[in-house]
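Here is a short briefing to read with the model open beside you.

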Amino acid sequence: MKKTFTSILMIMFVLFVVACTPKAKNDGAEYDFSEIYKEKQTITVWIDDQNGEYMQAVIAEFNKTDAGKDIIVQHQHMGTVDARERLKTFGLTGNGADIFQFPHDHLASAILEDLVYALPSSVATRVAERAHPIGMDIATLLYDESTGVFGPGANAQENVYAVPMSLEAIGLYYNKDLVSTPAATMEELLAAAATWNAALASDGSGQTNAQKGWYYLGTSSHWADSYFMQTFYSALGFQPFGENLDDPSAVGFADAVAALTWFRDKLKPATTGNNNHNSVGAGANFVAGNIPYIIAGPWNIEEYAGTEGLNFGIAPLPSVGGVQGAPFAGAQMAAIYKYSNNKEAATAFLEFLMSDKAMELQLKMKNKLPALKPELLPNIDGFSTDPYLPAISLQLESAIPMPTIPAVQYYWGPGESMIISVWNNPATVISEAVVAAENAYRAQAGLGGQ
C-alpha cells in the first residue's frame with residue numbers, strides 16, 4: 001500500500017513539472033527530421049586490394065566527407081581482370097558490385113556487354129577537371145548504343161564511362177652502379193652495347209657478357225611483345241588503328257616494314273644476338289646486377305626496389321633516328337555498373353576516388369601513379385619525393401593511350417607472330433610477314449581479306 005502511494009506521488013510530481021515547463025513556440029513552422037534520420041545507402045565496391053587495408057583507409061576518409069556520411073561502402077577484393085566476367089554473372093542477381101575496377105583495355109568490351117553506366121555530363125566535367133588527358137582519352141568513347149558500333153556514326157554519342165585511377169607506361173630502367181648517365185638515344189645505347197657484349201664477364205668465367213647471356217639491354221617481357229615494342233614502332237613510322245587509334249580497318253601492318261628491319265638488323269644483335277626473340281633471364285640478370293638496362297613497367301618496381309643491393313633508376317625511353325617514340329600508356333579504371341540501384345551514392349564514391357586524399361593513399365599504399373593532371377601531382381603528398389613515380393609521369397608526356405576499341409584484342413597475336421617470324425628466321429621476307437599479319441588480323445576481326 002505504501003509503495004502504491006509513493007508511485008502515485010511520483011506521477012503527480014512529473015505531471016506538475018511538465019505543466020509548469022514553458023512551451024516553445026513554433027508559430028506554425030514545420031520541422032523536417034528526414035535529414036537527421038536519413039536511412040544510409042549501402043554500395044558494394046570491387047577493387048583489387050588483396051588485404052583490404054588500402055580500401056579501408058579510403059573508405060574511412062570518404063566517411064569524413066559530407067557525401068560519405070550517409071553512405072556505407074562495402075569493399076570486396078576482386079582482381080581487375082576478373083571483375084568484368086564476374087559482373088556479367090552476378091550483376092543482375094543483385095550480388096554484383098555498384099562500382100568495379102578493370103584494366104582500361106576491358107572498357108569497350110564492358111560497354112558492349114551492357115555493364116557500364118555512362119557518367120552524367122556534370123560528373124564527366126568534374127572528372128575532366130582533374131584527370132590526366134591520357135586517362136580522359138581512355139575513359140571517353142564515341143559509341144552508338146543502337147548498333148553497338150564504336151566511332152563516328154549517325155547516332156553515335158561521346159560519353160565518359162569511367163574514372164582513371166592510376167596510369168602506367170614502360171620506361172628504361174637502369175642500374176646506377178653500371179650506368180652514370182642513361183642513354184637518351186638508341187644509337188648511343190646500341191654503340192655501348194657492342195662494347196659491353198664483347199667484354200669479358202665480371203664473374204671470372206672467361207666468357208664474354210654476350211656468351212653469358214648478359215646482354216646490355218633486356219626486356220621484362222620479350223622482343224615480340226607489341227605493347228613493349230610500340231615506342232620503337234612509333235619512332236619508325238608505325239602506329240596501329242589510325243591517327244586516333246580507333247579505326248579497326250586500319251591496323252596498318254604494312255607500315256611496320258622499317259621497324260621490323262631495324263629490329264632484325266640493329267636491335268636483335270645487341271639484345272639477344274641469336275635467333276630467339278625471348279630475352280632469356282633478363283629480369284633475373286637485372287635484379288642480380290649483371291646487366292645495365294631493362295625495359296620494364298611500374299609493376300616491376302616492387303620487385304626491383306625490394307632487392308637488396310640493386311640501385312636503380314628510371315629514364316625515358318630513348319629516341320630512334322632522332323624521333324622520340326610514343327609508348328602505349330595504360331590505366332586502371334573504375335566504373336559504375338549500369339544496372340546499379342544506387343547510382344547516386346556510387347557516383348559520390350567514384351568521384352572521391354579522384355580526390356587528393358584517395359590518390360595519396362593509392363600512391364603510398366599501392367605504389368601507383370595517380371591518374372591526375374601533371375600540374376596537380378605536386379599536391380599529392382609523397383609524389384615529389386618518390387624515387388620512381390615522377391619518372392613514369394615524365395614518360396607519359398610522350399605516351400599515347402593504348403587503343404580500347406574491341407578490335408585491339410585481334411592485334412596482339414598476329415603482331416607477335418610477325419615479329420617472331422622476322423626475329424627468329426633470317427630468311428623471312430619482311431614484306432611477306434606484314435601481309436601475313438594483316439590477313440590474320442582481318443580474319444580474326446571479321447573484316448575479310450584485302
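Strands E8 and E11 (residues 312-315) are paired antiparallel through four bridges; strands are DSSP runs of E with at least two residues, helices are runs of H or I with at least four residues, and both are numbered from the N terminus. Two strands count as paired if DSSP finds at least two bridges between them. This is a predicted model, in which local features need pLDDT of at least 70, side-chain atom pairs count only at pLDDT 80 or more, and totals for chains, interfaces and linings use all residues. Residues are numbered from 1 along each chain as its sequence is written, and side-chain values use heavy atoms, with hydrogens and water left out.

**Around strand E8**

**Aromatic rings**
- The model holds 26 aromatic pairs, counted when ring centres of Phe, Tyr or Trp (its six-membered ring) lie within 6.5 Å; planes under 30 degrees apart are stacked, over 60 edge-to-face, and the rest tilted.
- Tyr-216 and Tyr-293 form an edge-to-face pair, because their ring centres are 5.3 Å apart and their planes meet at 70°.
- Since Tyr-216 belongs to the loop between helix H8 (209-212) and strand E9 (217-219) while Tyr-293 belongs to E10, the pair ties together parts 77 residues apart in sequence.
- Both partners are buried: Tyr-216 has a relative accessible area of 10%, and Tyr-293 has 2% relative accessibility.
- Elsewhere, Lys-343 lies over the face of Tyr-117, at 5.3 Å from the ring centre; for this, NZ of Lys or CZ of Arg must be within 6 Å of the ring centre and within 35 degrees of the ring normal.

**Asn-285**
- Asn-285 is part of helix H11 (residues 282-287) and is buried at 13% relative accessible area.
- Its contacts (heavy atoms within 4.5 Å) include Gly-213, Val-280 and Ile-291, leaving aside residues up to four places away in sequence.

**A three-stranded sheet**
- An open antiparallel sheet of three strands runs in the order E5-E4-E6, with E5 (149-150) and E6 (157-160) as edge strands that each pair on one side only.
- E4 (residues 140-144) joins E5 through two bridges, and Asp-144 is partnered by Val-149 of E5.

Terms used: Buried < 20%, exposed > 50% of the residue type's maximum accessible area, 1.4 Å probe, protein only.
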